Amino acid sequence: MAQTLVLKSSILGEHSQSNQIIDKVLEGKSGIIERDLAANPIPVLDLNVATALRSPAEDLSDELKAVLALSNQLIDEIKAADQIVIGAPMYNFLIPTQLKNYFDLIARAGVTFSYTENGPVGLLENKKVVVVTTRGGLHKDSPRNSIESYLTTILGFIGLTDVEFVYAEALNMGDEPAAEAREQALTQLAELV
């Protein structure tokens, strides 16, 4: 059975447009592993977290061993998934901090990528990624659309190069444009997963 890893990062919980779109399309499907990064936050990358990710486990305190164990669990989840659905609302022109924290914990040299004489090589392969990105305004085809560039880069860095984006824009520009954008996103996401 195919497994789908769902990463939600909206701080709005049940009021989140990205969460609602994902939930409606995946409702009733089996093989779903969901991780809500806002409800269950990932530690922020700091000196302690970096130490946990770069040191031998036997040299770590119990607190740092827990950070390393969480990183290993997140990596095991993504490795086990056949496809990944990422909810990435735009907050101030970037992804939510919660999603950035996730990538900081799974981007590990020798585990999800390796350095070679020809540059870095991602070690996670053969997985489809669908990013559902929601925004209050219109940003898709403008320089303000930094989410697509960032996510394509970080996902490619760890080996995930089959990435599709589902946009729901103009969500704060009136009822009619918002309803139309949600409907288009639902249709497109249903076709991709």
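Select Val-6 first: Val-6 stands opposite Glu-34 in strand β2. This is a predicted model, where local features need pLDDT of at least 70, side-chain atom pairs count only at pLDDT 80 or more, and totals for chains, interfaces and linings use all residues. Residues are numbered from 1 along each chain as its sequence is written, and side-chain values use heavy atoms, with hydrogens and water left out.

**The sheet**

Now show β1 and β2. They pair in the parallel sense over five bridges. (Two strands pair if DSSP finds at least two bridges between them; strands (E, at least two residues) and helices (H or I, at least four) are DSSP runs, numbered from the N terminus.) Strands of a sheet pair through backbone hydrogen bonds, either parallel or antiparallel.

The open sheet has five strands in the order β2-β1-β3-β6-β7, with parallel pairing. At its edges lie β2 (32-36) and β7, each pairing on one side only. From one strand to the next, the twist averages 15°.

**Helices on the sheet**

Select α3. This helix packs on the sheet and touches β1, β2 and β3. (Contact means heavy atoms within 4.5 Å.) The direction of α3 makes about 140° with that of β2. (Axes are lines fitted to C-alpha atoms, for helices over the stretch in contact, and angles run from 0 to 180 degrees between N-to-C directions.)

Next, α6 (residues 175-192). It also packs on the sheet, touching β3, β6 and β7. Its direction makes about 160° with that of β7.

**Where α3 meets α4**

Show α3 (residues 62-80) with α4 (residues 97-106). They pack at an angle of about 95°, with axes 9 Å apart. The two helices are therefore roughly perpendicular (65 to 115 degrees). Which residues in α3 meet α4? Pick Val-67, Leu-70, Ser-71, Leu-74, Ile-75 and Ile-78; their partners in α4 are Tyr-102, Leu-105 and Ile-106.

**The cores**

A nonpolar core is a set of buried (under 20% relative accessible area, 1.4 Å probe, protein chains only) Ala, Val, Leu, Ile, Met, Phe, Trp, Tyr and Cys residues joined through side-chain atoms within 4.5 Å. The largest one has 38 residues. Those with the most contacts inside it are Ile-84, Ile-86, Tyr-102, Phe-103, Leu-151 and Leu-155. The largest share of this core, seven residues, comes from α3.

Zoom in on Leu-151. Not counting residues up to four places away in sequence, Leu-151 touches Ala-88, Ile-95, Leu-99, Phe-103, Val-131, Gly-156 and Phe-165.

Last stop: a second, separate core of 17 residues, including Val-25, Ala-181, Leu-189 and Leu-192.

Key:
Parallel < 35°, antiparallel > 145°, perpendicular 65-115°, else oblique. Buried < 20%, exposed > 50% of the residue type's maximum accessible area, 1.4 Å probe, protein only.
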